[in-house]
Amino acid sequence: MFNRPQIEALFAELKSEWQGKRDFEKIHRDVDLGIAYYDAGKSLTGAGLDDRALALIEKHKPE
Amino acid sequence: MLKEVPKKRVSHVVRRPGRLHGLPDVEIPVADDLATVPGIPKRDEDVSFYSRVYPVESQNIEKAADRDWVWTVYTEEVLKYRERHDEINQPLVDASILTGDIAPTATPDVGKDMTDVIRLKARELGFGEVGFTKFDHKYAYASKKRWVKYEHTICLALEQDYYQTQTIPSLEAEFAHFGTYEIEGALALDLADYIRTLGYHAQVHSPNDNSGVYIPMFVAAGLGQLGANGQLLSPHFGSRARLAMITTDAPVTYDEPIDYGLHNFCQICQVCVNRCPGRALVKEKVWWRGAEKNKLIYERCRPVMARYEGCGVCMKVCPIQKYGAPSVMQHYVDTGEVLGKGTDNLEGYEIPEKGYFGPGSLPQFNRQFFEIPHGRREEWLFEEFKEKIENDMLPTEEIMDFAVELKKILDEGGTTRGDE
């Protein structure tokens, strides 16, 4: 399950890369949904999430 | 590979328009064990009785004492921002009050149903949820009962910023909260102007000068169901929206209430109840003024709201707000579980000077923290006066001060204006 430091690191990167750009909100929403699915043990493949959100989750997910 | 068998049987599927104009429709599967009734369980005779004998009144009047008090405990930043917001917002509220008297600017196309054109225009303007129902005077505030001129109500929900809302509680989230009111106030006036070009009257019920309890009418119009946090949970953004209404004499067709499964879902979820910093939300539903609901304890909510940037934790931690009903309800059907429940990303929040609170942990406040003024201004003045008398006999000068202050309050009268 994502813990607080992992969540903070992920969102810090999301903000530095995307805040102020057009797709920020879409990626943010998909990151939140992706974390929830990940924490629930659900596969993210085929969940219809944005690739950029998936990349962030993959990078910051718990070991 | 075999597909996993869903844990729950589906009772029915709700089909709704997309979150924004132009986005495809969505489907929301409602599990068998979540299905109850369209809208909310109600006892109509009780709703009528309470409306007649104990008519509802605006919190800005009934709770004016604590609404004054909040200004004394705001942080400096919130205070400055609120003052600025009120300055911007006042002309919108002023304009709304008079809209019912403005004449239409065209001749109506008699016999033509206006529902679709008004709905389309409202969606184009940016309202995420638009519904039609009769204005139900049982929910009108006592002080506004005679103000409402037209019988058909257009219920309008404007979504507030997603990112800012996830930072609750924060000043950033207050920008979303009050900023949305400013946008909505202007958009409602635009929509009313448009309705007049169709040949009909349109009276704007400002989101900051409510004419009554709006949520029951939004539920009647099929725009959501009442959540355990006491807020309207609409399918796309839960309670992350601000509500306004327009009443009109344009011929429209009423929408019907919908069972999104939320009445029961909230009882299973309970995240807002468990995470409320003030312990203001109640687990079990009660019958209140004829509706079955989780009744919020105002006196435990307000002190936290006032001191911690509007709080709003109950909005932030709601899975419907964060993920939307289509994803949450599908996940429930697939797994029998509440999406995000028990996770830091949904449930965690930070309270200034108190730190971070993850799932299972809550801030502590002492009894004094919850001691706030109660009731109307004059009631609180009486309360304070009574206490002084009980403690000692007052000098004539103080008795006169009390009389002068009371006269001032009575002369000013109450106002329904204020943040909601």
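A: In this predicted model, 32% of the 63 residues in chain A are buried. Chain A has three helices and zero strands, and from the N terminus on its elements run α-α-α. The radius of gyration of chain A is 11 Å, close to the 11 Å that the globule rule gives for 63 residues, so chain A is as compact as a globular protein of that length. Its C-alpha trace spans about 30 × 25 × 15 Å along the principal axes. Among the contacts in chain A with a separation of 6 or more, 43% are between residues 24 or more positions apart.

Chain A touches chain B. Here 16 residues of chain B are in contact with 15 residues of chain A. On the chain B side, the elements that give two or more residues are α6 (162-165), α13 (319-323), α14 (325-335) and α15 (344-347). The largest share, three residues, comes from α15(B). By class, this side has six nonpolar, seven polar and three charged residues.

The part for a close look is a sheet in chain B. This open sheet has four strands in the order β3-β4-β8-β5, with antiparallel pairing. Its edge strands are β3 (129-134) and β5 (202-205), each of which pairs on one side only. From one strand to the next, the twist averages 25°.

Take β4(B) in detail. On one side, β3(B) and β4(B) pair in the antiparallel sense over six bridges. One example is Val130(B), whose bridge partner in β4(B) is Leu156(B). The bridge partner of Ile154(B) in β8(B) is Ile246(B), and Cys155(B) stands opposite Met245(B) in β8(B).

Which way do the residues of β4(B) point? In a regular strand the side chains alternate between the two faces of the sheet. In β4(B), His152(B), Ile154(B), Leu156(B) and Leu158(B) point one way, while Thr153(B), Cys155(B), Ala157(B) and Glu159(B) point the other way. Residues on both sides are buried. Eight of the eight residues of β4(B) are buried, so the strand is largely enclosed by the rest of the structure.

Helices lie against this sheet. Helix α5 (residues 115-125) of chain B lies across β3 and β4 of chain B, running at about 145° to β3(B). Helix α7(B) also packs on the sheet, touching β4, β5 and β8 of chain B, and its direction makes about 20° with that of β8(B).

The contacts of α7(B) also include a helix. The axes of α4 (residues 76-97) and α7 (residues 171-197) of chain B come within 9 Å and cross at roughly 10°. Angles under 35 degrees count as roughly parallel, so α4(B) is roughly parallel to α7(B). From α4(B), the residues that meet α7(B) include Tyr81(B), His85(B), Ile88(B) and Leu92(B). Among the residues they meet in α7(B) are Phe178(B), Tyr181(B), Ala186(B) and Leu189(B). By class, this contact has eleven nonpolar, four polar and three charged residues.

Another helix pair in chain B has a crossing of another kind. The axes of α3 (residues 64-73) and α16 (residues 377-391) of chain B come within 7 Å and cross at roughly 85°. An angle of 65 to 115 degrees counts as roughly perpendicular, and α3(B) and α16(B) are therefore roughly perpendicular to each other. Ala64(B), Ala65(B) and Asp68(B) in α3(B) meet Arg377(B), Glu379(B) and Trp380(B) in α16(B). The residues of this contact divide into three nonpolar, no polar and three charged.

Met329(B) is found in helix α14 of chain B, which gives two or more residues to the side of chain B that touches chain A. A residue counts as buried when 20 or more other C-beta atoms lie within 10 Å of its own. Met329(B) has 29, so this residue is buried. Not counting residues up to four places away in sequence, Met329(B) touches Ile28(B), Pro29(B), Val30(B) and Gly261(B). The C-alpha atoms of Met329(B) and Leu34(B) are separated by 9.6 Å, although the two are 295 residues apart along the chain.

Technical notes
Residues numbered from 1 in each chain as written. Chains lettered and ligands numbered in written order. Predicted model: local features only at pLDDT ≥ 70, side-chain atom pairs only at ≥ 80, totals over all residues. Contact = placed C-beta atoms within 7 Å. Nonpolar A, V, L, I, M, F, W, Y, C, P; charged D, E, K, R; others polar. Axes fitted to C-alpha atoms, helices over the stretch in contact; angles between N-to-C directions. Parallel < 35°, antiparallel > 145°, perpendicular 65-115°, else oblique. Pairing = 2+ DSSP bridges. Buried ≥ 20, exposed ≤ 12 C-beta atoms within 10 Å, placed from the backbone. Rg over C-alpha atoms; globule rule 2.2 N^0.38 Å.
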